[in-house]
Amino acid sequence: MINDINHGAGGEAGSGTANLVVQQISMATDVNRNLANNLMERICERTNLNRAYKRVKSNKGAKGVDGMTVDELLPYLKEHGAEIIQSLLSGNYRPQTVRGVEIPKPNGGKRLLGIPTVLDRFVQQAILQIMEPIFDPTFSESSFGFRPKRSAHQALKSASEHVKSGLIVVVDVDLEKYFDRVNHDILMSRIARRIGDRRLLKILREFLKAGILIDGVCMRRKEGTPQGGPLSPLLSNILLDELDKELERRGHKFCRYADDCNIYVRTLQAGKRVMESIKQFLGKRLKLRINETKSAVALVEERKFLGYRIYCSGNLSIAPESLKRMRTKVRKLTKRNRGVKFERVIVELNEYLRGWLNYFQLSNSRTVLLNLDQWLRRRLRSYRLKQCKRKHATAKYLMQLGVSKRNAWEIAGLGKSWWSKSRNPAVHGAMTTKWFEELKLFSLKERFVSLKAQLKPPYAK
């Protein structure tokens, strides 16, 4: 695809294929680091750059500080590709300032996202594709976040098994502003244990130091790895792998997803000891702090993990906070003064509900989903009645749906709110569950039953 990015690196790399070299690199150790000394040639190979471009293109994403769009990347690479490759091979590539964007967190507060330029995302992706096979095979089996062929569902299943074995107390560790507090020197020292290519190490540090533009003010970074770039998740896992290895050394059962770590023990007393020792380890070894207000030692069912609640039996359910966020989202989509066509609201709702339920399919919450279905239909009945606006239009519409003239005018003339009118038995009789099925409204309960039939026990209850 990026034929213009042709260079002499291919000849310097030798006759072996990229895949073979990557396999060899993944076996590199501190004693035998020569295999990881020429990574920049691998990064700049045409096949690797093509893969990186396709990935950046498919991910789309917002503009960086230079205003370049994803669609403009290929023409730019064709014109400047040779210069970019030369700067990478010499170790002189300099990333541009990152555009900082603050987004609200579900539980309050704000999270800072760093949006690199499209070109920097392309370079980061090319680096990631070579670094990931080196580091990922060495990561803990209890680490699940942002890793190939691993998911939040796997983390939840693993956590459920730990609880079923009798480890019903959780040490819920929440790192305070983790992505803002990563120590650059400590992180780079961990990377240098596996990477001997000084050019790559130099460029990685430049990415860490790149300034961030917030509200027109550019700030130089001395610590932290803002979320948003392709490399950020891998760098996060490289640093926190030291925590994983320490927990494994101590014989603990745990699940970590990015900076969210749950350690499972048998008693509250044991949990308090673990919390205190982990707090000291993080502070001394990694210069990280635990968020005292969000971290706790408690029975597993008193906490949530990845949006779920785990009961002492090991069964999973949807956490109350997750249900609250879901209802808030549905209220926005079905807000009666939106001015959006009823059919379009259903399409938008279906899209959201399908993704939401796919994530929460491990829960044993059939009754909860049945109640949500009923609530959703009532929200939509209220929305559709509000669209009629006046009494005459409301009565006419209800009669079209089969409501008697007397009942239709009685409902239309009620001085109650649209939400109250939607509860009327005659309205229910007109806008039935079957009526919504014909409009192709997504049913949480029906889809849940279908998904459960595809799962293996014990998650198929």
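Q: What span would a straight helix of 18 residues have, and what does helix H5 span between its end C-alpha atoms?

A: In this predicted model, helix H5 (residues 73-90) spans only 22 Å between its end C-alpha atoms, whereas a straight helix of 18 residues would span 26 Å at 1.5 Å a residue. A kink of about 75° is found in H5, centred on His 80. Just after H5, Gly 91 takes a positive phi of about 80°.

Q: Which residues of H5 are buried?

A: The buried residues of H5 are Leu 73, Leu 74, Leu 77, His 80, Gly 81, Ile 84, Ile 85, Ser 87, Leu 88 and Leu 89, so His 80, on which the kink is centred, has a relative accessible area under 20%.

Q: What makes the contact between Arg 42 and Glu 45 a salt bridge?

A: The closest N and O atoms of Arg 42 and Glu 45 are 1.6 Å apart, and because the criterion asks for a side-chain nitrogen of Lys or Arg within 4 Å of a carboxyl oxygen of Asp or Glu, the pair qualifies. Arg 42 has a relative accessible area of 4% and Glu 45 one of 12%; buried means under 20%, so both residues are called buried.

Q: Why do Arg 205 and Asp 185 count as a salt bridge, and which parts of the chain does the pair link?

A: The N to O distance between the side chains of Arg 205 and Asp 185 is 3.2 Å, which is within 4 Å, and the pair therefore meets the definition. This pair links distant parts of the chain, with Arg 205 in helix H10 (residues 198-209) and Asp 185 in helix H9 (residues 184-192), 20 residues apart. Arg 205, at 28% relative accessibility, counts as partly exposed, while Asp 185, with a relative accessible area of 52%, is exposed because the cut-off for that label is over 50%.

Q: What makes the phi of Phe 146 and that of Lys 440 worth noting?

A: Phe 146 has a positive phi of about 55° although it is not a glycine, and Lys 440 likewise has a positive phi, near 65°, in a residue other than glycine. Phe 146 is in the loop between H6 and helix H7 (152-164), and Lys 440 in the loop between helix H20 (433-438) and helix H21 (444-454). The relative accessible area of Phe 146 is 48%, so this residue is partly exposed, whereas Lys 440, at 65%, passes the 50% cut-off and therefore counts as exposed.

Q: How many residues line the second largest pocket, and how do they divide by type?

A: The second largest pocket is lined by 40 residues, which divide into 18 nonpolar, 13 polar and nine charged. H6 gives the most to this lining, with seven residues.

Definitions and conventions. Residues numbered from 1 in each chain as written. Predicted model: local features only at pLDDT ≥ 70, side-chain atom pairs only at ≥ 80, totals over all residues. Heavy atoms only, no water. Helix = DSSP H or I, 4+ residues; strand = E, 2+ residues; numbered from the N terminus. Expected span 1.5 Å × (residues − 1). Bend = angle between axes of the 7 residues up to and from the residue. Buried < 20%, exposed > 50% of the residue type's maximum accessible area, 1.4 Å probe, protein only. 1 Å grid on protein atoms, 1.4 Å probe; cavity = no way out; pocket = protein on both sides within 12 Å on 5 of 7 lines; lining within 4 Å. Nonpolar A, V, L, I, M, F, W, Y, C, P; charged D, E, K, R; others polar.
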